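Good morning. I will take the aromatic pairs, then the sheet, then a few single residues.

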Amino acid sequence: MQKNDNIIVEIIWLNKNGESREHYDIKIVENGEEIFIEVKSTKEYGKDWFQVSKDQWRLMKENGNKFYIYRVYGAGTKEAKIEKICNPAKLWEEGRIDAYPIGIEI
């Protein structure tokens, strides 16, 4: 978004032209502040579980309220719905969401 030739909000879709190998899909820059969004989608409506990489988990912990997961249900349908999850690492620490790791690194 621009106002008088000044960029107010910049939205960067990292995977627009193929996999970017970053640990998030969208970056929003507003007033110098960055927000990171990881999109997890499924055609199903009842599938609540999804995978995150250890690098995504690290990024979630490092960025706190600046990291969101957008969970898309019914992807590709007219009845798609989006659930926005802000600061998933904190929600996990508070016991408000579950996360089950599948590997151990020593």
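How many aromatic pairs does the structure hold? It holds 3. Keep in mind throughout that this is a predicted model.

Take tryptophan 57 and tryptophan 92. Their ring centres are 5.5 Å apart and their planes stand at 85°, so this pair is edge-to-face; the cut-off for that class is over 60 degrees. The two residues come from distant parts of the chain, 35 residues apart. Tryptophan 57 belongs to helix H1, residues 54–63, and tryptophan 92 to helix H2, residues 88–93. Tryptophan 92 has a relative accessibility of 38%, so it counts as partly exposed.

Another pair is made by tyrosine 68 and tyrosine 70. Here the centres are 6.3 Å from each other and the planes are at 90°, again edge-to-face. Tyrosine 68 is partly exposed as well, at 23% relative accessible area.

Staying with rings, which charged residues sit over tyrosine 73? One is arginine 71, which lies over the face of the ring at 4.9 Å from the centre. Another is lysine 81, whose charged end is over the ring of tyrosine 73 at 5.2 Å from the centre.

Now the sheet. Five strands make up an open sheet with mixed pairing, and the order is S3-S4-S5-S6-S7. Which strands stand at the edges? They are S3, residues 9–13, and S7, residues 81–86. Each has a single partner strand, so one side of each has no neighbour in the sheet. From one strand to the next, the twist averages 20°.

Within the sheet, S4 (residues 26–30) runs antiparallel to S5 (residues 33–42), and the two are joined over 5 bridges. Among the residues involved, isoleucine 28 has isoleucine 35 in S5 as its bridge partner. Helix H1 packs on the sheet, where it touches S5 and S6, the latter being residues 67–73. The direction of H1 makes about 125° with that of S6.

What makes up the largest nonpolar core? It has 10 residues: Leu14, Tyr24, Phe36, Leu59, Met60, Phe67, Ile69, Ile85, Ala89 and Leu91. At least two residues of this core come from each of H1, S6 and H2.

Isoleucine 69 is one of the core residues. Setting aside residues up to four places away in sequence, isoleucine 69 touches Met60 and Ile85, and its contacts also include Phe50 and Pro88.

Beyond four places in sequence, threonine 42 touches Lys47, Arg71, Val72, Tyr73, Gly74 and Ala75.

At 43% relative accessible area, glutamate 33 is partly exposed. Glutamate 33 and lysine 66 are 33 residues apart along the chain, and their C-alpha atoms are separated by 8.6 Å.

Key. Residues numbered from 1 in each chain as written. Predicted model: local features only at pLDDT ≥ 70, side-chain atom pairs only at ≥ 80, totals over all residues. Heavy atoms only, no water. Phe/Tyr/Trp six-rings, centres within 6.5 Å; stacked < 30°, edge-to-face > 60°. Helix = DSSP H or I, 4+ residues; strand = E, 2+ residues; numbered from the N terminus. Buried < 20%, exposed > 50% of the residue type's maximum accessible area, 1.4 Å probe, protein only. Lys NZ or Arg CZ within 6 Å of the ring centre and 35° of its normal. Pairing = 2+ DSSP bridges. Axes fitted to C-alpha atoms, helices over the stretch in contact; angles between N-to-C directions. Contact = heavy atoms within 4.5 Å. Core = buried A, V, L, I, M, F, W, Y, C linked by side-chain atoms within 4.5 Å.
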